[in-house]
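Hi,

Here is the structure I promised to pass on. Have a look at it first, and then read my notes below.

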Amino acid sequence: MRKFFCKIYEDKKALAASIVLGSVICSAVFLIFLKNIGPAEHKVPGTDYFDRYEPIANNILQGKGIMYRGEVLAFTAPGFPIILAGIFGLSQITGIDRLDLVVVFNIIFTAFSALFLFLAAGKIFNKKVALIASLLWMTYPLNLWFLKNPNTEVPFILLLYIGIFFYFSSLQKGSPKIIFLAGLFLGLASFARITGLFLPLSLGLLSLLFLSGSRKKRFLLAAILLMGNLVAIFPWMVYSLSKTGSFISISREGPYSIVAGITWLSTVKAGGVQLVLPDDVSALIERVKTADLSSGAKLGQFFGKELIDRPVAFLKLIGLKLARSWYATSQQWWEDKILLVQSIYLITGIGGIIYGMRIYKDRIKSIILLLSIIFYFWAMTFVNISLLRYLMPAMGLVIIFSAVFIDYAIFHLNNNSLQKRR
């Protein structure tokens, strides 16, 4: 048996196929035995699906275009409804229930996410760390939770990890083709979920510091990365311009999202549940509700004044939103249990960051870039509604560092065992 697994481990194609198959098996086990775990409300699609994604997908399938309530879609990235339209079309042909088919595609998307996480981790560290990371990701319970419903995170994470794999490949090879593919897939990811919109720009700027070669070559590669991103989102720009006469980016929620992310903390959730907040933070949220914060300039003025006049309340609010990004749910369901699960991955992840910087000093640039992507999604979740589901794409990257910690621990355990035998 050991020889059999060693043979698979040494064969690239067999190992890749095994990761995909292993993920499918883990997903199947979860859906058979653990699908109904959690609050009853989590067993059905969310309101976004029924209110927005399904109607838009139906419009696309009927040839009406990417329309939402008779208008061109403006407040949601259109990639997910397009994917749903394809699944719905296949449902009509095969006779398989729509939502059942969505689950099938979720399993497939998740399996290939595990594969590309493995490939990306291998580019940054080594094959052993990469394999541990893929095993952790395919068994990560909060990742598996997304399988049972139509959630934008599932296709988004796959496209994101493909883009990240190509990006770290380009760091090693400096290939224009590879970095173009990185930009293309990162752009397609933002096309599926708005939170990825500014990641290519962020990585483009960091490329000027971390890519190898002359300054001219680094500028060229950063430009090609952004070009690939533009190619992905350009059709939507043209479409929105032709339909509305003005440019609509992938989403234009802007200041509204920031305000909603703050006021959400004091909103009464289903069943009358409400987050217990310090009095000064509650007062700050009430001021946010009544203030005119319809532009970036007004937001800056308001928060600048709050920081000067009431710094303690302002810093408490920031700390609360930063912390809740790692465990919070939309209706505050099971947050204590989620925090317990998350603590395992976060503690090992932090340990992996510390050990990774000590052990892999020759790859410090790649480690910093990987951390920058994690912090990017943390920042995007912070400015939006601070929910774990928005931070899920970064959890796979945190898990890479957990894998570094586990690999380091196994190495030391083996060494200690050998020394005792001697």
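Helix 12 crosses helix 13 in a left-handed way, meaning that the near helix is turned anticlockwise from the far one by less than a right angle. Their axes come within 9 Å and cross at roughly 145 degrees (lines fitted to C-alpha atoms over the stretch in contact, with angles from 0 to 180 degrees between N-to-C directions). Helices here are DSSP runs of H or I with at least four residues, numbered from the N terminus. Val259, Ile262 and Thr263 of helix 12 touch Ile285, Val288 and Lys289 of helix 13, where contact means heavy atoms within 4.5 Å.

A quick word on the source: this is a predicted model, where local features need pLDDT of at least 70 and side-chain atom pairs count only at pLDDT 80 or more, while totals for chains, interfaces and linings use all residues. Residues are numbered from 1 along each chain as its sequence is written, and side-chain values use heavy atoms, leaving out hydrogens and water.

Now the salt bridges (a side-chain nitrogen of Lys or Arg within 4 Å of a carboxyl oxygen of Asp or Glu): there are 12. One joins glutamate 153 and arginine 193 at 3.3 Å, N to O. Those two are 40 residues apart. Glutamate 153 is buried at 1% relative accessible area, and arginine 193 is buried too, at 10% (buried means under 20%, exposed over 50%, partly exposed in between, with a 1.4 Å probe and protein chains only). Both also belong to a salt-bridge network with Arg389.

Another bridge pairs aspartate 280 with lysine 316 at 3.1 Å, N to O. Aspartate 280 sits in helix 13 and lysine 316 in helix 15, so this pair ties together parts 36 residues apart in sequence.

Cheers
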